[in-house]
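Thanks for coming, everyone. Please take a look at the sequence and the structure first. Then I'll walk you through a few features.

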Amino acid sequence: MIRELTENYQPLKVLHRDKQIKSIEKVFENFKKMGVASNLLIFGVTGSGKTTTIKKIIKENNCNVFSSGATTNTAFKTFRAIFDLNCKTTERLINESINKLKQNPRIIIIDEVNKIIDPTNLFNTLNIIYRETNCPVIIITNKRTIYNDIPEDALKTLFFERVDFKSYNALELYDIIKGRLEGIEQEIPEIPEATLKKICAIGGKDSSARTVLTMTLRCILSNDFSETFIDKIKNDLKIDEWRDFLNGLKTSEKEFLKNLLELQLKQKTIFPSDLSSMMKDFTPPRISQLISSFENYGIIESKYKNKGRAGGRLREIKFVSQEVFDTLDEMF
């Protein structure tokens, strides 16, 4: 198996993430020396090296952490997994978690928070645990609107320091894939330089090392490095990414998106009031919040149209492109 091109492979060196590594290592360093450290919110698009980086740092620091990844989908299950507890109630789970941390203080790391369906409960629980233990918390996510999920009290208590994993460019992705390929000991087909550059150019648009690694591996396994095959892989990956994105949405977000698609089929211009008339259980502020969320996702965009003194300003909503609309319409 060509492990070097798989998602779970841990490279000896994480490239182009020196600044981020320094910020995260400072938490481990301060916690080891002083017993306290800053809380971090690590943000970056899928494939920007967040998980690879944190795994490297955990390994180098003798796993002095309590951590959980994407195997859980609720706050309750997440904390049960983190602290290896089998509690039946939230109250007991919190108390047992606090006791564990008081007996054995560690850094709490929660990866892929965007997959947890009740993030407000997650942060409220972290708020309680942190107040009692002061054990540092590291949150990892690709959700741009994560701050909307953090209750005000928890936000003030946890006071996250943000660490941004900036998107990779094509040249950085080329360095990453070349490093992985050089580490492969078994014999593989020779990969044309033009193929690697095309794959990195595609990955550069997605800003994703995961895309580059997956495409390279599929080309090797099929021994096909043609442009036609690469384009086919690109389309397959795009569909998979949209499916993962939709599966990760909350029920309210899915309902909003379905209604938006339905409206777009009926009329050219959409206003928040149109959505309110269809989604009667949602307040206008909630509709506005959902609009902003999907703007942050890069799916829709809105502009304000001035109707004069008598008419005020109207917010017009539309999908960012016909391609995005067609893709979502097909998937729903």
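Let's begin with a single cysteine. Cys200 counts as buried, because its relative accessibility is 2%. A word of caution before I go on: this is a predicted model.

Now, how many disulfides does a search of the whole structure find? The count is 0. Remember that a disulfide is a covalent bond between the sulfur atoms of two cysteines. Cys200 is in none, and the nearest cysteine sulfur, that of Cys219, is 11 Å away. What about Cys87? Its closest cysteine sulfur belongs to Cys135, and the gap is 17 Å, so the two are too far apart for a bond. The cut-off for a disulfide is 2.5 Å. Cys87 also counts as buried, because its relative accessibility is 4%.

On to the sheet. In which order do the 5 strands of the open sheet lie? Reading across, we get S2-S3-S4-S1-S5, and the pairing is parallel. The edges are strand S2, residues 65–68, and strand S5, residues 161–165. Each of these pairs on one side only. From one strand to the next, the twist averages 15°.

Zoom in on one pair. Strand S1 covers residues 40–44, and strand S4 covers residues 137–141. They run parallel and share 4 bridges. One to look for: Leu41 has Ile139 in S4 as its bridge partner. In general, strands of a sheet pair through backbone hydrogen bonds.

Next, helix H1, residues 18–34. Does its length fit or disagree with expectation? With 17 residues at 1.5 Å a residue, H1 should span 24 Å, and its end C-alpha atoms are 24 Å apart, so the two agree. Several H1 residues are buried, including Ile21, Ile24, Val27, Phe28 and Phe31. Gln20 and Asn30 are buried as well. What do the buried residues of H1 pack against? The list is S1, helix H2 (50–60), S2, strand S3 (107–110), S4 and S5. After H1 comes Gly35, with a positive phi near 80°.

Last stop: Leu181, in helix H7, residues 170–182. Is Leu181 buried or exposed? Buried, because its relative accessible area is 16% and the cut-off is under 20%. Set aside neighbours within four places in sequence, and Leu181 is in contact with Leu5, Ile188, Ile191, Leu196, Thr216 and Ile220. Leu213 is 32 residues from Leu181 in sequence, and their C-alpha atoms are 9.7 Å apart in space.

That's my tour. Over to you.

Methods: Residues are numbered from 1 along each chain as its sequence is written. This is a predicted model: local features need pLDDT of at least 70, side-chain atom pairs count only at pLDDT 80 or more; totals for chains, interfaces and linings use all residues. Side-chain values use heavy atoms; hydrogens and water are left out. Buried means under 20% relative accessible area, exposed over 50%, partly exposed in between (1.4 Å probe, protein chains only). Two strands pair if DSSP finds at least two bridges between them. Helices (H or I, at least four residues) and strands (E, at least two) are DSSP runs, numbered from the N terminus. Axes are lines fitted to C-alpha atoms, for helices over the stretch in contact, and angles run from 0 to 180 degrees between N-to-C directions. Contact means heavy atoms within 4.5 Å. The expected span of a helix is 1.5 Å times one less than its number of residues.
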